[in-house]
Amino acid sequence: MLQCHCFLSEKMTPHDLSTPPSPAIDPEEVRLRKMNRRAKVIQELVQTEKDYLTGLELCIREVVQPLRNLQVVDIDRLFTNIETVCEVSAALYHRLHEAMADPDPEAVVIGEVFIQAKAALEDVYKIYCYHHGDANMSLKSYEKEEEIKQHFTTCILALKKIYDQEGKPNLLDMGSLLIKPVQRIMKYPLLLGELWQATPEDHPDCRPLQEAFTAAKIINVNINEFKRRKDIVMKYKRLEDEGTLRGKLHKFNIHSIRKKGDRFAGYLKILTGVEPQVRDEVFDREEKLFRGLEKAGRQLVKNVHCYLQYTQEMVSVAVQSVQDMENIVKDPNKNGTNGSLHNNGSDPYKHFKDNMERLVLVPLCSLQGMFTAPQKLIQKRYDKLLDYCSRLERSSSFSSSSSSSTTSSSPSLASEDPSAPARRDYEAMNALLVEELQRFNMAAYTILTNCVVSLVALLRELMDKILLRAPSIQQLPAPLSNIAEVQNSIMDDLNNLAFVKDNAQKLMERKVSFERQRDKKTTVLEVQHQTEEQRAWLLAEYPLSRLYQLKRKCNGCQEQDLSLLEGELVALLEDTDPLGSSSRWLVHTGGEQGYVYSTFLKQYNPLRDSQRAGQMAKEQQQQQPPAMVDDDFDDLSLFVSGSGSSSLRSFNLNTTDSSSTLSGLQGEPESLEDLEDALDTEAQQFYAVYAFQARCDQELTLQEYQHVRILQFCDVGGNKEWWLAEANGQRGYVPANYLGRMSYA
């Protein structure tokens with residue numbers, strides 16, 4: 001036993017480095033051996049490529065074409081782009097044959113052939129390998145039907161007969177035919193690596209072969225990555241399609257709750273600036289364009305539908321109006337064919353509507369349905385980004401805890417980074433979306449452009465057809481260059497006529513009187529003013545802590561609701577309604593009881609009320625119009641949003657002071673209570689969707705994604721396209737379509 005142990009020890013002990021080396025081999029002999037081996041590898045590469053190409057051509061001729069002619073199966077689903085694969089293989093074999101044409105073995109360069117074919121090989125084999133799994137599933141389902149299986153057997157037997165005649169018996173079936181391209185693309189790195197090892201270092205093909213070997217490996221890596229990305233997308237798409245209520249309840253567990261909680265916490269951290277947001281500028285740009293195209297397509301469909309509806313009602317009247325105009329301008333002696341063109345001709349609107357639906361609405365509606373799936377994937381990409389951020393935070397603690405343990409253990413026992421799977425999923429989905437969103441946006445932009453061009457062409461065609469029905473209209477003289485001055489001169493002459501001036505003045509007086517009576521009548525009927533006796537009773541009966549004041553007019557919309565005016569005083573009886581809602585309070589007005597929403601109320605301040613009363617009394621004594629109280633923002637109504645719009649009733653628009661327009665905008669609250677009142681209003685939080693550069697002092701400059709607070713949803717003139725906004729302590733007007741409401745994505 002001891003002798004055996006000593007023998008094994010001698011065998012396992014490394015040899016002494018001082019032993020004499022083996023006899024040196026002649027470098028020329030080594031080079032000659034490599035060149036002989038290189039010739040054999042090249043012969044194998046070319047011959048296998050030729051056999052592979054022959055097999056593809058026979059498969060297409062004996063299997064693909066007959067099955068396509070029979071139309072019993074979806075042959076493109078089985079063999080995908082095998083014709084394109086055959087074309088690329090034929091081009092590769094032709095280049096290899098040309099490279100082998102040189103009789104000097106030292107001048108044969110194979111590496112350049114594969115370097116030039118890299119892009120074509122990756123493009124065609126990427127598609128074929130990705131659909132290979134679906135092709136196998138389709139083949140299994142087809143083979144369950146006896147009729148289809150018999151067609152497969154007939155084609156395979158015809159192919160076997162050809163191989164037997166050539167002396168190459170082969171065991172063939174449909175599965176072996178489908179997998180041939182997959183096996184071939186995986187064999188290129190092996191053949192090129194072997195050829196590179198067999199090529200001497202001083203040979204001109206050594207470096208190109210090294211690059212070709214690396215390129216072949218990259219092709220296989222890219223194909224695998226492409227298939228992995230597609231599998232991730234298909235997994236989430238399949239989950240969305242199969243998302244029944246039972247399936248969702250089955251997936252509702254502790255893990256899913258924790259995942260959603262981590263995502264929401266990560267979103268709050270990014271929103272509050274605690275953690276930086278991981279951004280991809282290319283994806284952000286493409287997603288913004290994607291959202292814009294979706295909105296543009298949806299709006300265009302809506303506008304076209306509305307236009308068709310209005311045009312249908314308008315065309316018949318317009319045609320008759322044109323004919324009446326023609327009767328006016330043409331010779332009265334030729335008035336015998338009135339309406340004959342319209343009655344005997346075809347309806348121009350029907351042809352216009354059919355073409356509009358075929359050339360504009362059908363493509364737009366089809367495009368609109370294609371936005372749904374990318375939107376879900378974009379949302380899933382955001383979820384994966386939040387998962388990656390949360391895993392990244394955990395990995396920092398993981399790395400600190402594992403660093404001490406790995407020092408005492410072997411590196412092979414170290415665990416994988418917890419953020420690695422989440423990072424791979426996010427990067428795969430992000431890369432796929434970046435690649436396909438660019439193609440999708442380009443295609444959608446082209447479709448939208450073509451639809452707009454078709455819309456313009458159809459409108460021109462409709463106008464031309466209408467004008468053809470009234471040729472005399474086209475003979476009208478062109479308008480004068482100074483038509484505005486001519487029209488104003490004629491209007492001045494008309495206004496100088498006595499009966500026109502008198503009637504116009506009486507009509508205006510009658511209209512103003514009617515409007516005043518109507519406004520007065522409706523005001524009295526809508527809301528009754530609070531009397532001084534009622535106000536005094538409330539002040540004497542209730543403490544100041546129970547007294548509130550109306551910030552703005554309140555219209556009752558439910559049973560037992562009160563309609564009150566701005567500034568009226570109420571006493572709080574209960575801070576809930578019978579249903580338990582704390583936003584609807586029971587109040588007493590001094591004359592009646594009822595419910596008012598708490599958002600319309602503010603705590604009563606007797607000092608401010610007395611100052612306001614003294615100011616108003618002083619102004620009445622001086623017989624001057626009411627002045628604007630700068631220290632009370634409620635008078636300016638700047639912060640009242642209401643139903644989405646408000647008015648600047650406190651502005652004195654008739655004053656001659658040019659700075660009075662923005663005097664209320666630049667004022668600051670003089671007391672802490674006024675500031676609380678201003679912040680208590682229903683101002684909405686928005687952000688700048690696009691950057692905006694102010695062109696005057698009344699406008700506000702905004703950067704993209706900058707947060708703003710909307711003070712008023714219209715300008716002084718009531719135009720709702722311009723909103724009064726506040727950002728960084730500055731106020732000014734911003735276009736409404738440049739702003740977006742803050743919401744959780």
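Author: Rings of Phe, Tyr and Trp (for Trp, its six-membered ring) count as a pair if their centres lie within 6.5 Å; planes under 30 degrees apart are called stacked, over 60 edge-to-face, and the rest tilted. Ring pairs link Tyr690, Phe692, Trp722 and Tyr738 into a cluster. The model is a predicted one, in which local features need pLDDT of at least 70 and side-chain atom pairs count only at pLDDT 80 or more, while totals for chains, interfaces and linings use all residues. Residues are numbered from 1 along each chain as its sequence is written, and side-chain values use heavy atoms, with hydrogens and water left out.

By the ring rule, the count comes to 15 aromatic pairs. One of them joins Phe686 and Phe713, edge-to-face, with 6.2 Å from centre to centre and 65 degrees between the planes. This pair links distant parts of the chain, 27 residues apart: Phe686 is in strand β6 (residues 685–688), and Phe713 is in the loop between β7 (707–712) and β8 (722–727). Strands (E, at least two residues) and helices (H or I, at least four) are DSSP runs, numbered from the N terminus. Phe686 has a relative accessibility of 5% and counts as buried; Phe713, at 6%, is buried as well. Buried means under 20% relative accessible area, exposed over 50%, and partly exposed in between (1.4 Å probe, protein chains only).

Phe713 also pairs with Trp723: the ring centres are 4.8 Å apart and the planes stand at 75 degrees, so this pair is edge-to-face. Trp723 lies in strand β8 and Phe713 in the loop between β7 and β8, so the pair ties together parts that are 10 residues apart in sequence. Trp723 is buried, with a relative accessible area of 15%.

Rings also meet charges. A charge sits over a ring if NZ of Lys or CZ of Arg is within 6 Å of the ring centre and within 35 degrees of the ring normal. The charged end of Arg584 sits over the ring of Tyr595, 4.6 Å from its centre, and that of Lys126 sits over the ring of Phe226, 5.1 Å from its centre.

The whole structure holds 20 salt bridges, each a side-chain nitrogen of Lys or Arg within 4 Å of a carboxyl oxygen of Asp or Glu. Among them, Glu122 and Lys118 have their closest N and O atoms 3.4 Å apart. Glu122 is buried, at 11% relative accessible area, whereas Lys118 is partly exposed, at 25%.
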